[in-house]
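Subject: Structure for you, with notes

Hello,

Here is the structure I promised. Please open it alongside this email.

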Amino acid sequence: MTDKKIDLLTFEVLRNLFYSIPREMGAVQQRSAYSPHLSEGYDYAGGLADGTGDLLSQAEHVTLHLMAMEAGVKTGISKYGIDGIKYGDILIHNDPFTGGSHLPDFNIYKPVFHQGRIIAFSIARAHQADVGGMRSGYIGDSTEIYQEGVRIPAIKLYEDGKPNNDIFDLILANVRVPTQMKGDLLAMISACNYGEKRITELVNRYGVNTVVESMKRVIDYTELRMRKAIQCFPDGIYEFEDYLDGDGGEPIKIKAKLQITGDSIVVDFAGSSNQVFTMPVNAVISIAHAGTYLALMGLIDPDIQRNHGCFRPITIKAPEGCIVNAQLPAPVAGGNTETCSRVINTVFGAMAQVVPDRIISSEGDGAFNCSIKGNNPDTGKIYANYSSFTGGWSGRVSKDGLHVKSLRAGDTSNIPTEVTEVRYPWLVDKLQLVTDSGGPGKWRGGLSEEWRGHPLSHIAEITTNMSRLDVPPWGVFGGMPGLHTAIRVYRGYKEPHVDGDNLQGNKVENYPGRIGGVQIAPEDQLFARSCGGGGYGNPYERDPQLVLEDILDEYVSLEAAKRDYGVVVTSDMKVNINATEKLRAELKVKNKRELLFVDQATPPYAATPFRQIRMAELPKPISQHIVKTLKESGHVVSDEE
Amino acid sequence: MDVLAISAGRTFTEIASLQDGQIRFAKVKTLGGELETVLTAIKKSGVDLTKVDQISIATLLAAKAISEERGALSGLITTRGFRDVLEIRRSHRRADPYNLYNLQQELPKPFVPRRWRKEVTERVDSKGNIIEPLNENEVREVAQQLKKEGVESIAIVFLFSFLNPEHEARAEDIVREEFPGVHITTSSSLAPIIREYERTSTTAANAYTAPLFSKYMTKLSKNLDTSSYRGGFNFMQSNGGLCPIEVAQDKFINTLLSSTAAGVAGTHYLSKTMGEQNILTFDMGGTSSEACFIHEGRSDATHESNFAEQAIGLPMLDIRTVGQGGALIVWVDSGGAIRVGPRSTDAFGPVCYNMGGQEPTLTDADMVLGYINPKSFLGGEMEVDKEAAVHAYKTLLKRAVDIDSVEEAAVIAFDVANATMIGAINEGAMLRGYELSDFSLVAFGGCGPIHASRIAPLLGISKVIVPMNAGTFNAFGLLVADTQYDYINMLSRVKGMDVQYLNAEYEEMEKKGGSTLENEGISKDNRLLKKSIGMRYALETHEVILPLPDGNITTSIIKELEEAFHERHERYYGHKMLEQPVVAANLYLSAIGLIKKPMIPQVQSSVTGSIPVTKVERKVYFPGTGGVVTPIYDRAYLLCGNYIQGPAVIEEKYSTTVVFPGQKAQVDRYGSIIVEV
């Protein structure tokens, strides 16, 4: 074999190693982080970039971190110049307005040198449980960035291999639990050091030219596969809008126009609402990028290795000052979670017109973040806990949605009740799937979860950022919406705390999704419910046996089976075939679900009807393409009015 | 004592027999269910069962039931408000890099469907106090409901039962009264660990698999009765130790990693004999590649594991699946690059087996490259078709970019698979803080010795050891394993390192372990109680486990432990925090019943450095060389002291060892091939 062939072998080995190193770096963070949010929740990522800061590889538990790493590194490069970053430096950065996402996401990165030249960057990224600011952990009511915590431009945390203790002191002086953060920062630094060590080993073994050349080829190869896949999509312009809850006022619009031409895609967010100062739902541009890439990677080919090559065929535009390209001093705490999810949904809605057989409508949709702060009566010290809930995955072309799983949050985990109760003075009363929360469809949306708990012997303070209360996750191609989100406090509770809905006499307070500093006493109960996944396809076409199975597992109630699926069940729990056929025939005429493209209106899934889009409202060639594709996948749809 | 050992594998089943001090091996293709497999294996072994004292089995029953989702109908009784913990899991997707973005991802079904997950009123708090008494009537009601539904097995899991098992024990009694004969697993007796999802999943996994074992044992005993077998049975557990039927019956999920654990037990024994302290085991067979570290003479253990995307939280060997083995499918991706796995050809096997497989696999690559001799596959007992493998790679070539020959495609597939395994092994070493250059690699399984000498140098390992009978090494492990029970004690009071408290807790555990061994009739001299302690910084959640010396803990031991902890923490994680308090989180105890083990047979000696004779040669392809005419040695004729210069292929009845160009190999007195890479 010739030299070229030997290269191919080495290249394949290196390609695989480039992807395993970040996973190893992630393991370093997981094992040694202090806060449960990292060690139990996995909200971190490890990655490598080439010598110019282009993303080379990333092992992400949180898919959202994908794009943000590169932007963070490039900020440091443009500030110091590539020559201004020296051997032994470690940089830290979290500023949303210079390539960050929101303040809790810290990017720490270290250059990897070979003979005086930077050949790579080793990057650790992790969500910090508390970064100071007006509220502990999550913030639901900030009105400008300055309330959200400590803002760090790209600066050097280490110089010449030595920690810059003044910077450590400054950061730690601004947060509520400095020992916890110090442990987490050290874990991230360990991960960076580890990545540097492994790249250096590869250089020693294979030679610097081979390693650097392989980095370039890995990125080029991803670009090649991206372009080949995009080329298979029909050229055209595809538009969609989705909405964020408006906190009493008008919903906030996110509009995406996708233009597919040959092997590239332009995504333009012009027409989206302006940034707002009443609540922290603005997203900086890196979030618009993250959400768009995330949605597209799942649709184009999830097998393609994620790196800078993914970004090249895709151009993303958003007018400055709009909701997805927020400018200083907009509050952005919820941009990562709530708004990013909506960016993903909006792109899915547009792509539903291109690849109707691949899309999903919602994915553990939205943000369900909850921070709890208080004084621990056992220790006398302040505690700050950050946890998140997850919604249901939508129905898919030939299967139901997963319960309580998220694309945006990727592989992050909830914090076990037992860990919560050991570490924090709280009692969890319930954690359960919510019956009838999955949007009905030929393929049902995944169920959401309901969490209830209360503080022990002290008054705690709750801050949340939850979405999909007013605008529910949409059902698609005749599918119904997933059940909307809810957040409540039951006041003046009497024992036992478990099933609040059945107790008489206590006061129920319904809250909007974003609240800050709501107080809760031991005799109260906090109730949080995420939203269900939207349905896919016409529920009257769902196999009645599957509906029966859902009834037996209490995923679907008898009442909802009849109302939403047209399925009638006998008293000995069998499908009543005749009654079902008759009821379905009536419902089909009455509701014409096969004519619907998107449904965000059907009660009780929508708290108040929001909107429906009919197939006939789409441009004719697009609706015809959808109908044809879905029919081939065994769905009944129609573009005729 | 005469022993018959059977290690069931998905592709092949290994047999070892120890009779009158003589060890013999055999290997058969796995066909049908496990009962058939074991009966076939017994027949194949040719032993007279009336003379056998003990049959030791490494079983796949639990593993197959879980990965194929074919377990028993099981119910769950749990704390009110928490029945969906099993299905919500940790809300994560257990996503590999592919699935993370895969919108069509599926997850395995929970062990217990929602309709059979029942809640009862009770509550224990995080300090172990009962704050809501158990409602016994509700337990009776749900037991009756589950009985009516026809479940075969019930798991009982209450919050914080690892701190206070009272409610679970009481519920167990009530269920026994209401539903006699049903198999019951309580989480506090099986897996007293913190984290309710992991504990529920583990307990439910036991409920899901244990009834299968009862049925299997009934049939097996009946069958062997007719052959007048009067001896006992032992089963290999995931911790590398054997256990008798009664224990397997109760805690069957402990046998989940049975056959791989047997291989690690075999390696542990071999490494002791050879005087090796640090070993990486590498077992690569038809459907999986597994690796486990033996560090400073101790096999790595864990109690946080996953199997087929389900959490299993039991003390077990820390065996990492680093690849899927010879059955991995080789394919070409949309950019034209050759890829290996993660799909494997479970049903049909490699193309060269001629069993209906159409897609080329890793085993086919080994065949194309000339590593495997088609004429002597499985000792010549199985026909394989090299031409079919070559043809499959030819088809692959049409879609690949920049690749000119089938051999080149195969060699790339070979190395891509190696690179994947290297990454997974590196990750494992990192999690433990090991320097791989401190380790030797012991390779076994049908494919292990083919790949080992190629991956070792890329891991920074300089010595590969291929034991005799590498293709049946798991069965060998069954002959040399001890009985072992592991206990874990999650401390209810997270204290500093209080001497009195720790000694009291250990004493309790030692009592438990000692009496279990005693009940099994293990004499006092052969009982071994090994303590270790899991320590962590007060604020962290993950621990560092350190071995403890025998005898009582003293203040000076505590001091040493704390120093060792900081040092180890820095080694594992790159930092230490001297100012932070260190706490004892979990206490561990292994109760070991030593068995008398057979000596490893020695081979005849020759002059050191003598080159063995061979008349056989064939063209073999290696990474970077193209085809090379390579000497082929028959391992049966190798002598201690023999020296072999690579490239070379050494054929043994049930496995093949490849020595790559430039490498040197030597044979030691146990017949092990030591490759310097």
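Below are my notes on cysteines, a sheet, the nonpolar core and one serine.

This is a predicted model: local features need pLDDT of at least 70, side-chain atom pairs count only at pLDDT 80 or more, and totals for chains, interfaces and linings use all residues. Residues are numbered from 1 along each chain as its sequence is written, chains are lettered from A and ligands numbered from 1 in the order in which they are written, and side-chain values use heavy atoms, with hydrogens and water left out.

Cysteines

A search of the whole structure turned up zero disulfides over all chains. A disulfide here is a pair of cysteine sulfur atoms within 2.5 Å. Take A:C531: its closest cysteine sulfur, in A:C340, is 15 Å away, too far for a bond. In chain B, the sulfur of B:C352 has its closest cysteine sulfur in B:C447, at 10.0 Å, again too far for a bond. A:C531 is buried, at 0% relative accessibility. B:C352 is buried too, at 0%. Buried means under 20% relative accessible area, exposed over 50%, partly exposed in between (1.4 Å probe, protein chains only).

Sheet in chain A

Five strands make an open, antiparallel sheet, ordered β14-β15-β21-β18-β19. Strands (E, at least two residues) and helices (H or I, at least four) are DSSP runs, numbered from the N terminus. Two strands pair if DSSP finds at least two bridges between them. The edges are β14 (426-433) and β19 (507-511) of chain A, each pairing on one side only. Inside the sheet, four bridges join β15 (449-455) to β21 (525-529) of chain A, and these two run antiparallel. A:G453 sits opposite A:L526 in β21(A).

Nonpolar core

The largest nonpolar core has 420 residues. Such a core is a set of buried Ala, Val, Leu, Ile, Met, Phe, Trp, Tyr and Cys residues joined through side-chain atoms within 4.5 Å. Its largest share, 16 residues, comes from helix α12 (406-432) of chain B. Those with the most contacts inside the core are A:F597, B:I55, B:L441 and B:I533. Beyond four places in sequence, B:I55 is in contact (heavy atoms within 4.5 Å) with residues including B:L4, B:I6, B:L224 and B:F233.

A buried serine

A:S638 lies in the segment after α14 (620-632) of chain A. A:S638 is buried, at 18% relative accessibility. Not counting residues up to four places away, A:S638 touches A:E594, A:L595, A:M615 and A:V627.

Best wishes
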